[in-house]
Amino acid sequence: MAEITVTANMREIEGGFQPTMPILSVRQVEKAFGGRDSITRALAGVSFDVAPGEFVAIMGPSGSGKTTLLNCVATIDKVTSGQILVDGHDITQMGRRQLAKFRRDELGFIFQDFNLLDTLTGFENIALGLTIKRVSPALIPRKVEDIAATLGVKDVLRKYPYQMSGGQKQRIAAARAMVSDPKLILADEPTGALDSRSSAVMLEMLEVLNENLGATIMMVTHDSFAASFSNRVLFLRDGLVFNEIRRGTMSREQFFARIMEVIGFLGGEAEHAA
Amino acid sequence: MLLKLAVRNIRRSVRDYLIYFVTLLFGVALFYTFNSIESQQVLFDMEETASANVFEVTQYVMNMFSGVIACVLGFLVLYSNRFLIRRRKREFGTYEVLGMMPSQVARIMLYETLIVGVASLVLGLLLGVLLSQGLSFVTGAMFGTTIKNYQFVFSSEAFMLTLICFVIIFAVLAVFNTVSVGRYRLITLLQAESQNEKAPVRNQWACLVVFIVSIAVLAFAYQQLIESGMVMLDDPRFLRATVAMLVGSLLFFWSLAGFVIALLTRLRGVYLRGLRPFTVRQIASKVNTAFVSLWAVCVLLFFSITTFSVGMGLVEVFVGDAQKANPYSATASSNIWSVDLQKGKASRAMELDERAQTLKEMQPALYEDGVAHDWSMAQKLQQAAPELWEQTIGSYGQVNNYEVPGLSMGSIVDRVDDPEWQKSIRENDTIAVAIEQNVQVISLEEFNTAREMQGQQPVAIGADECALVNNMAITQSLTEGVARSGAVLNVSGADLTVRPEIYDTQLYDSAMLSTAFVIVVPDEVVANMKAAGAIPNTSSLNMMYADNGLTDAENDVQLARIVAAAQPVGSGATGDRSAAADIRYGSTYWPVNSVYTAHEMITQSFGLRMMITYLALYIGLVFLLSTAAILAVQQMSETVDSQNRYRMLWRLGCDARMINRSLLAQVLVYFLAPLGLAVCHSACAIWVLSNVMFDAWGVPVLAPILMASVFTSVIYGAYLLITYFASRSVLKPILRSA
């Protein structure tokens with residue numbers, strides 16, 4: 001943990017920010033579904049902060065509200081109450097157009113089902129992240145090629161998604177998320193549709209993004225292996241943060257074992273409750 | 001229960017049904033309107049059978065085309081319906097998962113079809129009835145009269161016809177739906193949404209080559225078309241142009257998207273802006289998959305635009321000047337020269353008395369008769385039926401055309417000192433046909449009588465002068481050149497200087513303005529020609545009916561009786577020809593071998609105008625409607641199929657404005673691409689036609705082209721907007737989910 005805080009602080013000082021200011025701050029967020037007769041509370045007052053340069057994983061069983069939380073942070077869904085601050089701005093108070101602008105300027109998305117546009121080539125899929133931000137066309141090819149080189153997909157830039165493997169597609173999607181230098185990358189089960197080898201490649205890539213390029217990542221997953229690549233894991237249950245563990249100086253394997261313990265405990269308690 | 005579900009379904013998906021509904025509505029309305037034309041005649045004073053006939057004939061032709069139109073509309077209904085089924089595959093799948101029988105699902109579909117069908121049928125008929133009222137006023141305007149006793153017109157025949165037609169269409173539709181819903185497998189229904197069609201991606205270089213080839217083929221088609229002049233439709237050049245146009249257009253649409261992509265991706269400054277890459281790829285994938293329908297739409301559009309513009313132009317050629325072309329109540333004509341045709345001789349006399357000799361030889365009795373009356377048709381007719389003549393004919397005047405051997409148009413052209421003008425005349429195909437024929441002269445006295453009969457001032461020319469008469473556009477430049485030159489013409493021995501004025505007097509009743517380069521000469525010149533043995537080449541006896549309280553139609557009958565009295569049936573040499581009304585009379589070279597009456601000509605021209613106009617409208621509108629509807633349905637399905645892509649864009653941070661703009665661009669391009677090519681084709685065809693025909697007949701083509709563009713814009717615009725807004729509403733839930 002210490003090393004992460006240091007790197008984060010270093011960058012912030014360079015950028016002129018206050019060292020302690022979190023990039024994402026979720027405060028008492030509640031989300032309720034349903035009508036008058038039956039209300040389901042998917043989120044029941046979740047609070048946590050994510051520091052710049054952090055790689056946070058959010059875990060929890062089905063129905064724990066982890067995807068709802070991601071959608072709320074992604075501004076795809078609206079909270080019922082509470083605040084979500086990104087870089088100090090409360091996104092729950094923004095209008096629809098402002099939100100769209102916020103998404104394209106500040107966020108990067110990596111989804112389980114890749115969500116590449118099948119009519120566009122790899123190059124165009126990545127470039128789209130820039131063109132919709134009205135980046136000057138002259139700068140785009142260079143940026144796209146650089147990020148593709150970093151993620152090892154330079155040779156599939158001219159191909160269409162249906163000509164790529166799952167891992168290649170996911171890396172193109174990651175490149176699109178990264179290319180516009182977002183403040184926060186949101187990943188929703190990024191390894192969900194990949195085989196184990198591609199998953200490992202993908203996760204290592206996220207690690208690279210985080211450590212080498214300094215990206216702040218919030219990843220939702222139910223896969224402990226995937227979560228073990230992060231710096232910190234938040235466990236969600238019944239719409240609340242139930243537990244939180246930090247990797248600190250642990251090796252990835254140690255961290256994985258620690259995560260499994262917590263899950264085992266969660267499962268045991270669930271059995272006990274039943 | 002199923003019915004309730006069907007009603008709820010429709011209410012929920014009103015927007016999906018909109019295109020289907022609008023198409024049906026317009027279809028029904030047009031169908032009724034154009035099948036109810038006959039019933040309009042009650043609005044007009046139809047005491048004469050001839051005019052009533054006009055409506056019957058028009059209606060007959062309309063009914064013939066209605067068969068074709070019904071098939072087109074039927075196809076359209078099936079096509080739009082396919083979109084509805086496609087859009088709702090998943091819903092049907094859910095019904096079946098919940099335990100509904102496929103037959104029950106089909107029944108829901110049937111109820112929905114029925115409800116929408118009945119609604120559009122009822123509203124369409126209402127709209128049709130209203131439209132047909134409007135059309136009566138158009139008819140009135142064409143007639144040149146206003147409707148005095150307006151009454152509401154409802155055609156039960158058209159109503160029944162429409163009803164039967166659409167009931168059949170719905171029956172076919174019901175069968176089609178039942179079969180297609182029953183045929184789908186449950187798994188394909190449920191997975192319908194996740195099935196992403198793999199858009200064919202074509203090799204860029206192949207597209208580039210094919211695109212250039214297609215442009216070359218189209219250029220070849222245009223060149224062949226321009227060369228053929230579209231005069232003869234069996235001209236091999238016309239056939240080549242048609243085939244090249246079809247093939248070229250198909251190649252064009254096959255390669256268009258690939259070509260544009262190849263071009264744009266190299267222009268990164270243009271391409272990499274906002275949603276452009278997405279918009280362009282979206283259009284490209286659609287054009288690539290649907291290039292055959294785009295091609296068909298383009299060809300249909302070309303056909304309907306051309307038919308419409310040319311049809312309306314032709315109307316003007318045939319009937320535009322009906323009033324001006326028929327200044328006399330009636331004209332009886334005698335074409336003595338045609339005896340030469342019978343003999344197999346060229347229609348060009350070499351000697352002054354050649355016509356007289358031929359007639360004397362072939363029809364000695366007629367020749368004697370003519371000489372006895374000094375070739376006066378009036379005298380002959382008056383003698384045959386003096387009382388009828390007295391009662392019917394108010395004033396009359398005969399125009400005798402004499403042919404001047406050795407004085408051809410060509411020889412006159414040679415005498416004008418203006419090489420450029422000569423070249424332009426020589427190169428004019430229409431004039432070239434007649435350029436070696438002898439010119440026709442008439443005497444000043446007869447010319448002035450004719451002018452007086454139609455209220456024109458008499459003309460004076462000197463003893464050594466002649467004047468030109470012309471009112472045909474084809475020969476206008478020829479006449480102008482000669483008049484300008486002040487050339488001296490030798491008319492059988494007399495040297496006459498051409499006066500600079502040109503008179504536009506119509507010398508006899510005809511379907512169109514038909515005085516083509518006639519020379520008016522002093523009376524003595526004609527007298528000298530007669531003395532040398534010349535007889536009239538053709539004679540026209542122009543008559544104005546007496547103010548006898550009879551209608552024009554009744555006077556026409558009287559005139560026919562007079563002619564019949566002068567030359568009993570069967571006495572003729574050139575066969576029987578019908579003149580006014582029902583009376584048939586024997587025709588011959590002299591005194592009368594045809595009669596045109598103003599009333600008959602104007603009624604006929606009105607009928608022709610009504611028929612061509614309505615036919616052009618009917619076919620043009622239905623084709624326009626069909627093509628617009630097909631494009632709309634295709635574009636709508638495209639949007640529905642691409643919902644996931646838009647959801648993706650929205651998540652990436654594209655706001656509604658960006659996405660709607662992309663949508664609008666897609667709809668615009670998809671609608672305008674086939675229209676653009678069709679307009680190019682039509683422009684070429686209309687340009688060729690207008691050069692060959694309309695210019696020659698002096699008809700402005702601008703009005704019909706303008707009308708065609710107004711109709712195209714309205715119908716196309718309406719569908720374009722409906723498509724855009726319906727597509728937007730498909731995406732609305734996606735763009736609103738936050």
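Are A:Glu124 and B:Arg281 buried or exposed? Both A:Glu124 and B:Arg281 are buried, where buried means under 20% relative accessible area, exposed means over 50%, and partly exposed lies in between (1.4 Å probe, protein chains only).

## Basis of the report

This is a predicted model, in which local features need pLDDT of at least 70 and side-chain atom pairs count only at pLDDT 80 or more, while totals for chains, interfaces and linings use all residues. Residues are numbered from 1 along each chain as its sequence is written, chains are lettered from A and ligands numbered from 1 in the order in which they are written, and side-chain values use heavy atoms, with hydrogens and water left out.

## The two chains in outline

Chain A contains nine helices and 10 strands. Helices (H or I, at least four residues) and strands (E, at least two) are DSSP runs, numbered from the N terminus. Of the 274 residues in chain A, 54% are buried. A contact means heavy atoms within 4.5 Å; among the contacts in chain A between residues at least 6 apart in sequence, 68% join residues at least 24 apart. The accessible surface of chain A is about 12,200 Å², and carbon and sulfur atoms account for 50% of it. Accessible areas come from the Shrake-Rupley method with a 1.4 Å probe, and for residues only the protein chains shown count as cover.

Chain B has 29 helices and 11 strands. Its 738 residues include 54% that are buried. In chain B, 81% of the contacts with a separation of 6 or more are between residues 24 or more positions apart. Chain B exposes about 31,700 Å², with 61% of that area supplied by carbon and sulfur atoms.

## Salt bridges

Over all chains, a search of the whole structure finds 24 salt bridges. A salt bridge is a side-chain nitrogen of Lys or Arg within 4 Å of a carboxyl oxygen of Asp or Glu. One of them joins the side chains of A:Glu124 and B:Arg281, at 2.7 Å from N to O. This pair joins two chains, because A:Glu124 lies in helix 4 (residues 122-131) of chain A and B:Arg281 in helix 11 (residues 276-289) of chain B.

Within chain A, A:Arg41 forms a salt bridge with A:Glu30, and their closest N and O atoms are 3.0 Å apart. The pair links distant parts of the chain, with A:Arg41 in strand 2 (residues 40-50) and A:Glu30 in strand 1, 11 residues apart. A:Arg41 is partly exposed at 47% relative accessibility, and A:Glu30 is partly exposed at 26%. Another salt bridge brings together the side chains of A:Arg258 and A:Glu261, at 3.4 Å from N to O. These two residues are separated by about one helical turn, because they stand three residues apart in helix 9 (residues 252-273) of chain A. A:Arg258 is partly exposed, at a relative accessible area of 32%, whereas A:Glu261 is exposed at 51%.

## A buried leucine in chain A

A:Leu186 belongs to strand 7 (residues 184-188) of chain A and is buried, with a relative accessible area of 1%. Leaving aside residues up to four places away in sequence, A:Leu186 touches A:Leu70, A:Val73, A:Ala74, A:Leu107, A:Gly108, A:Phe109, A:Ile110 and A:Met218. A:Val73 is 113 residues from A:Leu186 along the chain, and the C-alpha atoms of the two are separated by 8.5 Å.

## Surface patches

A patch consists of residues with over 30% relative accessible area and no salt bridge, with like charges joined within 9 Å and nonpolar side chains (Val, Leu, Ile, Met, Phe, Trp, Tyr) within 5 Å. Lys and Arg count as positive and Asp and Glu as negative, while His and the chain ends are not counted; the place of a charge is taken as NZ of Lys, CZ of Arg, CG of Asp or CD of Glu. A patch of positive charge on the surface gathers A:Arg134, B:Arg273, B:Arg276, B:Arg657 and B:Arg661. B:Arg657 lies in helix 28 (residues 656-697) of chain B and is partly exposed, with a relative accessible area of 48%.

A nonpolar patch on the surface is formed by B:Leu114, B:Val118, B:Val122, B:Leu123 and B:Leu126, which together have about 430 Å² of accessible area. B:Val118 is part of helix 5 (residues 102-143) of chain B and is partly exposed at 46% relative accessibility.
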